[in-house]
Amino acid sequence: AYLVGGAIVSSIISFNEGLVESRIRTGEIVSDVMKPFNFPVHLLFRGIGESALRFAVVGAPTFLLVTVVYKVPLPQTADLLRFLPCLLLAFLLNFCISLPFWLISFWTVEASALNNFKGIMTMLFAGRLVPIWFFPAWLANIAYLLPFQGLYYLPLSIYVDAPNTPGLAIVLAIQGVWIVGFLFVGWAMWRAAFRRLVVQGG
């Protein structure tokens, strides 16, 4: 159930990591920032649309197929209702973590290495494939100090009603604190990136 839930979460919270870098390389970023809306907000809503499509085309059919073929038990209704707000915040958290890495492209142009590093950190510490409760104690302690647990481990622990899972309020608070922190960093970087783009354009 944990792995199936992880596949569903992945289909929903993932983003096109190379989009900003690509648009900077092609110069399309200029038309993006001239439009009457904030560029990071545009990225967020674009991600929402892509996630909805990906879930409809990949996530939901995979979930139904695996559930029927392998008889994976469905979560209790109460656990599912607790899981949904965690999933929403996981989506927002992944966006807020990713935004500073995307915006680095305004200074380096080539940001794929940093995005790959973020992907590796997520794979190691988010508990996507292996729950953190299976980690050695020293590695689990590191994972608990990082924001990545809010992407997969915490929502999925709620989803499967794992023992020793923090209460819903604590899980949402952990996710919320990291969202605010990374949102502040991303917003500051966007303002600096916008000024850089305007100065170079002028």
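Analyst: Start with a crossing: α2 passes α4 in a right-handed crossing. Right-handed means the near helix is turned clockwise from the far one by less than a right angle; anticlockwise is left-handed. Helices here are DSSP runs (H or I, at least four residues), numbered from the N terminus. This is a predicted model: local features need pLDDT of at least 70, side-chain atom pairs need 80 or more, and totals for chains, interfaces and linings use all residues. Residues count from 1 along each chain as its sequence is written, and side-chain values use heavy atoms, without hydrogens or water.

User: At what angle do the axes of α2 and α4 cross?

Analyst: Axes are lines fitted to C-alpha atoms, for helices over the stretch in contact, with angles from 0 to 180 degrees between N-to-C directions. Those of α2 and α4 cross at roughly 125° and come within 12 Å. That makes α2 oblique to α4. Oblique is what remains after roughly parallel (under 35 degrees), roughly antiparallel (over 145) and roughly perpendicular (65 to 115).

User: Which residues of α2 and α4 meet?

Analyst: Contact means heavy atoms within 4.5 Å. L19, V20 and R23 in α2 meet F39, L43 and R46 in α4. By class, this contact has four nonpolar, no polar and two charged residues. Ala, Val, Leu, Ile, Met, Phe, Trp, Tyr, Cys and Pro are nonpolar; Asp, Glu, Lys and Arg are charged; the others, Gly among them, are polar.

User: How do α4 and α5 cross?

Analyst: The axes of α4 and α5 (residues 77-103) come within 11 Å, at roughly 130°. α4 and α5 are therefore oblique to each other. The crossing is right-handed. P40, L43, L44, G47, I48 and S51 in α4 meet F91, L92, F95, L99 and W102 in α5. That contact has nine nonpolar, two polar and no charged residues.

User: How many cavities of 30 Å³ or more does the structure hold?

Analyst: Rolling a probe the size of a water molecule over the atoms shows where empty space is left. A cavity is a set of points on a 1 Å grid over the protein atoms alone where a 1.4 Å probe fits but cannot get out; lining residues have an atom within 4 Å of a point. The structure holds one of 30 Å³ or more. The largest cavity has about 70 Å³ of space. Volume is the space filled by probe spheres set on the points, which are joined across faces, edges and corners.

User: Which residues line the largest cavity?

Analyst: F15, N16, L19, V20, L43, R46, G47, E50 and W102. α4 (39-69) and α2 (19-26) each supply at least two. α4 gives the most, with four. The lining divides into five nonpolar, two polar and two charged residues.

Conventions: 1 Å grid on protein atoms, 1.4 Å probe; cavity = no way out; pocket = protein on both sides within 12 Å on 5 of 7 lines; lining within 4 Å.
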